[in-house]
Amino acid sequence: MSRYDEEARYDRPKRRTRPRTKDRPSYDDAVTGIVITRDRGRYTCWVDDRQVTAMKARQLGRTGVIVGDRVKLAGDASGDEGTLARIVEVLPRTTLLRRSADDDDPVERPLVANADQLVIVVAVANPEPRTGLIDRFLVAAYDAGMRPLLCLTKTDLADPDPLLSIYRPLGVESVATQQGGDLTDLREQLQDRISVLVGHSGVGKSTLVNGLIPGADRAIGVVNEVTGRGRHTSTNTLVLRLPDGGWLIDTPGIRSFGLAHVDPDKLIDAFPDLADVAESCPRGCTHTESAPDCGLDEAVTEGRLDPDRVASFRRLLASREGRTQAVPEQDVT
């Protein structure tokens with residue numbers, strides 16, 4: 001080694017970076033809250049009996065935080081005006097309601113976490129019911145592991161039975177309401193549950209929320225007499241506490257609901273009687289009407305399965321695949 005190489009070796013400045021550590025903050029003093037709404041990067045959380053404004057901590061990176069998430073909050077969680085806590089952890093989710101932009105978009109969009117019931121609000125008239133959208137909501141509920149409930153509104157304007165008859169073979173429970181009528185039956189179905197309200201614009205979701213929760217003050221819109229469509233009045237997803245116990249999550253009106261993220265094989269698992277029979281199907285069976293040697297057809301022929309129930313399940317499969325509905329929407333009224 002030359003003298004010049006030796007001088008260069010010993011004159012090189014030492015690194016002054018701090019050594020990396022695997023230690024991470026423990027957040028032993030963090031409190032648990034529920035995300036009730038989100039607005040431009042700020043999250044409002046219920047913590048005990050107060051609302052706390054928070055932001056997502058940097059260490060969460062790309063971890064998504066959505067309405068309904070149970071989270072750990074560090075920092076100032078007093079809820080006092082001007083304070084800001086930090087969401088440092090998202091606790092494991094029990095359910096996840098998702099959708100995609102359309103049936104060709106494989107990217108799922110999480111909507112609500114940890115709900116156990118999907119309340120599909122449908123007006124029997126003004127606007128007319130859309131069975132295609134109802135079917136899609138049902139598929140999303142079964143995919144998420146949530147209990148579906150049909151809530152029929154404006155039953156004073158039309159007979160709800162034609163619509164209910166379409167969904168009876170699936171065993172979907174329902175409640176009926178009238179404009180300004182008693183909501184006792186609906187309250188019983190919501191009590192001590194975490195329920196998500198979904199539905200087409202103009203079906204009366206905001207009216208139901210205001211009737212169930214005094215002081216909610218959700219904006220109420222009207223239905224366009226020309227198009228038969230409602231105007232979006234709820235613009236954000238919001239979690240509200242029910243007076244008799246439980247939580248109600250109100251969502252903006254939805255006119256489309258992509259299901260590209262749903263695995264058709266998972267859908268049949270929501271129907272144990274059909275799933276048991278489907279075990280005898282050939283490998284790769286799609287369980288659709290055109291599927292060769294499908295075990296569902298054999299069970300119907302032998303009288304082991306209700307043909308209406310199988311037809312209703314296949315209608316849900318058709319909805320998942322974006323095909324024409326087996327029940328025309330104009331036939332339900």
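Q: A salt bridge here is a side-chain nitrogen of Lys or Arg within 4 Å of a carboxyl oxygen of Asp or Glu; how many salt bridges does this rule give?
A: The count comes to 12 salt bridges. One ground rule before we go on: this is a predicted model, where local features need pLDDT of at least 70 and side-chain atom pairs count only at pLDDT 80 or more, while totals for chains, interfaces and linings use all residues. Residues are numbered from 1 along each chain as its sequence is written, and side-chain values use heavy atoms, with hydrogens and water left out.

Q: What makes Arg-98 and Asp-143 a salt bridge?
A: Their side chains come to 2.6 Å, N to O, and the cut-off is within 4 Å, so the pair qualifies. Arg-98 sits in strand S6 (residues 96-100) and Asp-143 in helix H2 (residues 131-144), so the bridge ties together parts that are 45 residues apart in sequence. (Helices here are DSSP runs of H or I with at least four residues, strands are runs of E with at least two, and both are numbered from the N terminus.)

Q: Why is Arg-98 called buried?
A: Buried means under 20% relative accessible area, exposed means over 50%, and partly exposed is in between (1.4 Å probe, protein chains only). Arg-98 has 14%, so it counts as buried.

Q: Is Asp-297, the salt-bridge partner of Arg-314, buried, exposed or partly exposed?
A: Partly exposed: its relative accessible area is 29%. Arg-314 has 11%, so it counts as buried. The closest N and O atoms of this bridge are 2.9 Å apart. Arg-314 lies in helix H9 and Asp-297 in helix H8 (residues 295-301), so the pair ties together parts that are 17 residues apart in sequence.

Q: What makes S2 and S3 a strand pair?
A: Two strands pair if DSSP finds at least two bridges between them. Strand S2 (residues 42-47) and strand S3 (residues 50-56) have 5, in the antiparallel sense. Val-47 stands opposite Arg-50 in S3. The hairpin has 2 residues between the strands, and Asp-48 takes a positive phi near 55 degrees there.

Q: In which sense do S3 and S5 pair, parallel or antiparallel?
A: Parallel, over 3 bridges, with S5 covering residues 85-90. Lys-56 stands opposite Ile-87 in S5.

Q: Why do the buried residues of helix H5 line one face of the helix?
A: In H5 (residues 205-212), the buried ones are Lys-205, Ser-206, Leu-208, Val-209 and Leu-212. Down the axis they fall within an arc of 160 degrees, so they line one face. The arc is that of the directions from the helix axis to the C-beta atoms. As background, an α-helix has 3.6 residues a turn, so residues three or four places apart point the same way. Among the elements that the buried residues of H5 pack against are strand S8 (117-123), strand S9 (147-153) and helix H4 (184-190).

Q: How many disulfides does a search of the whole structure find?
A: It finds 0. A disulfide needs a pair of cysteine sulfur atoms within 2.5 Å. For Cys-281, the nearest cysteine sulfur, that of Cys-294, is 3.9 Å away, and Cys-281 is in no disulfide.

Q: Where does UniProt place the feature "binding site"?
A: The unreviewed UniProt entry puts it at Cys-281, Cys-285, His-287 and Cys-294. UniProt positions are given in the numbering used here, feature names are shortened, and such annotations may be inferred rather than shown by experiment.

Q: Why are Cys-281, Cys-285 and Cys-294 called buried?
A: Cys-281 counts as buried at 12% relative accessibility, Cys-285 at 12% and Cys-294 at 4%.

Q: Which residues is Cys-294 in contact with, leaving aside its neighbours within four places in sequence?
A: Cys-281, Cys-285, His-287 and Arg-314, where contact means heavy atoms within 4.5 Å. Cys-294 is found in the loop between H7 and H8, and Cys-285 lies in the loop between helix H7 (272-278) and H8.
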